[in-house]
Amino acid sequence: MKRFLDFARHHLITVYMVGALAYLFVPVVVVMLFSFNDNRGRFNFTWRGFTLKHWANAFEVPNLFDSLVKSFQIAFLSALVATILGTLIALALVRYRFKGRSTTNFLLFLPMATPEVVLGSSLLALFLTLSIPTGFGTIVVAHILFNISYVVVTVKARLSGFDRHLEEAAMDLYANEWTTFVKVTLPMILPGVFAAFMLGFALSFDDFIITNFNSGGTVTFPLYIWGAARVGVPPQVNVFGTAIFVITVSIMLLTVTLQRRSDANVA
Amino acid sequence: MTTDTATPPAATPPGAGQTAGAASSKSKRKRVPYLLLLPGGIWLIMFYVIPMIQLAGVSLQEGSFQTGYRFTWAWGNYSAAFTAFGGHFIRSILYAGTATLLALLIGYPLAYAIAFRGGRYRNLLLILVLMPFLTPFLLRTLAWKVILADSGWVVGVLQSIGIIAENGRLLATGWAGVAGITYNFLAFMTLPIYVSLEKIDPSLIEAAQDLYSNSRTAFRKVTLPLSRPGIVAGTLLTLIPASGDFVNAQLLGNPQQLMIGNVIDSRFLRIVDYPTAAALSFTLMVAILLIVIPYVRAVGTEDLVA
């Protein structure tokens, strides 16, 4: 009896896991499915049959592709700057002991503990007071800000995991601090730095609330969807959503497979 | 949130033991961390600290959009904002709290299953948890509009088994808003819990089972307490964004029962009543800090940030 109960419990939680994962994927499937919907009128909420026409004329909706390009530029720029600033902070926090350490930690924690409406509206308050017109530049500034903390967390995790003796060995042999950094430290933390960049890119690309406050006349992809939601989202938005999903998942799986293979080669 | 043990490395940095150029290089070394912090620190102060002060300043201004706003220590903005939008505040706490609880109830068993039953597929399963978040946030939320629609099969099934009334609906109710928040922030709950569960040494649980000889008691006395840091982090990471969210309430919820985020958004951007919007926003921030700081005190920022 006990064995039977254990067996049932063991499988119950596995069944639960499959169910929970399925629940997570339901909206994704709906997004993909409705990119093939032969919808009538402006709205795309009920299934009317299969068509490929939205995929064929994906680029024909005015402003949609422009918004994607904008989002891409903003995500790239903000992730790049935040990765540089955040990596420097992470290096200071992990490699050095200094006065003001806990203040720095608290200052990094605060943006993560701030709801997006507050972060967005406080920046808008600043830009209004200084009469800075909002637009592309202010979006980038805001995105760099919220990305820095996440970069620090990601790079720190990588930095604190690796062997300091390698750096010491380099210094013992010949290198000054700069050479050691470029030849030893940087190559070792590069995967973490790259992961931080990708995380920042993703957070920026998908951000709506903070962007909404600081966008001025600039329309990013999420802002396009938000604006369209009131009058009917064109199915081409689902086409791009599906394409983004498929491309990023492929890249992810490819990286994992390549990593597996190179790990296997080493071992 | 990650495995950082947070002990700063030995006080002697690389090369500090060497005597060459001792004095000058020592004082130079002292400056290095500050130089590293400088650019990012300036960014955080200019675009986080100063805007917060600015927000507080705007919340105490008086005037109108046409004539311009002037700073006058107008504390009345706060009481006026509360009289008008106190209900929105309470509703936000209620909705965000319910969604966080639901996310914990869904996310904990999921994290548990991956950590203890995932075996060699653990990483793949974690990727599967994150994968849905590669479709844009707003598109996922709009997809729930399709799923919960009045003519959809979810409503049909719930009607036929009597959970909702014959003419009842899901879309445009408070529950739909809560469901949307729960779904959208589920990964923030699941991942930290997974991280803390994964760290638990299985032999501890075995030992507990040997001693208590009842796996339920073993779970209650060993696994659950050891996963508490993950529960704390997951709860904060869900509750904070949920309390300020206005997307789910707007797209899925009842238009007559919006959240405080909706009010801040429309006061700032459409009604251009900056002082009220700023007062509400600043109050939300203070409320969040009052919830978060006790946690930070207990756990330490080092662990929350790292």
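At what angle do helix H2 (residues 76-117) of chain B and helix H6 (residues 174-184) of chain B pack, and how far apart are their axes? The angle is about 50 degrees, and the axes are 8 Å apart. This is a predicted model, in which local features need pLDDT of at least 70, side-chain atom pairs count only at pLDDT 80 or more, and totals for chains, interfaces and linings use all residues. Residues are numbered from 1 along each chain as its sequence is written, while chains are lettered from A and ligands numbered from 1 in the order in which they are written.

**Chain B overall**

- Chain B has 14 helices and 2 strands; these are DSSP runs numbered from the N terminus, with at least four residues of H or I for a helix and at least two of E for a strand.
- Of its 306 residues, 41% count as buried (20 or more other C-beta atoms within 10 Å of a residue's own; 12 or fewer is exposed, in between is partly exposed, and C-beta atoms are placed from the backbone).
- Take the contacts in chain B between residues at least 6 apart in sequence: 69% of them join residues at least 24 apart. A contact here is two C-beta atoms, placed from the backbone, within 7 Å.

- Two packed helices are described by the angle between their axes and the distance between the axes.
- Axes are lines fitted to C-alpha atoms, for helices over the stretch in contact, and angles run from 0 to 180 degrees between N-to-C directions.
- H2(B) and H6(B) are therefore oblique to each other; angles under 35 degrees count as roughly parallel, over 145 as roughly antiparallel, 65 to 115 as roughly perpendicular and the rest as oblique.
- On the H2(B) side you'll find Tyr95(B), Ala96(B), Thr98(B), Ala99(B), Leu102(B) and Ala103(B), and they meet Gly174(B), Gly177(B), Val178(B), Ile181(B) and Thr182(B) in H6(B).
- By class, that contact of H2(B) with H6(B) has 7 nonpolar, 4 polar and no charged residues (Ala, Val, Leu, Ile, Met, Phe, Trp, Tyr, Cys and Pro are nonpolar, Asp, Glu, Lys and Arg charged, and the others, Gly among them, polar).

**Out in the open on chain B**

- None of the 8 residues of helix H5 (residues 153-160) of chain B is buried, so H5(B) lies largely in the open.
- After H5(B) comes Gly162(B), with a positive phi near 80 degrees.
- Glu206(B) sits in helix H8 (residues 202-212) of chain B and counts as exposed, with 12 C-beta neighbours inside 10 Å.
- From Glu206(B) to Phe246(B) is 40 residues in sequence and 45 Å in space, C-alpha to C-alpha.

**Where the chains meet**

- Chain B puts 78 residues into the contact, and chain A puts in 80.
- On chain B's side, helix H1 (residues 22-58) gives the most, with 17 residues.
- The side of chain B that touches chain A splits into 60 nonpolar, 12 polar and 6 charged residues.

**Chain A**

- Chain A is divided into domain 1 (2-53) and domain 2 (62-233), with bounds from an automatic or database domain assignment.
- Helix H3 (residues 64-95) and helix H10 (residues 221-231) of chain A pack at about 145 degrees, with axes 7 Å apart.
- Ala79(A) is in H3 of chain A and, with 26 C-beta neighbours inside 10 Å, counts as buried.
- Leaving out residues up to four places away in sequence, Ala79(A) touches Asn147(A), Phe197(A), Gly200(A), Phe201(A) and Ser204(A).
- Ala79(A) and Val151(A) are 72 residues apart in sequence but 8.8 Å apart in space, C-alpha to C-alpha.
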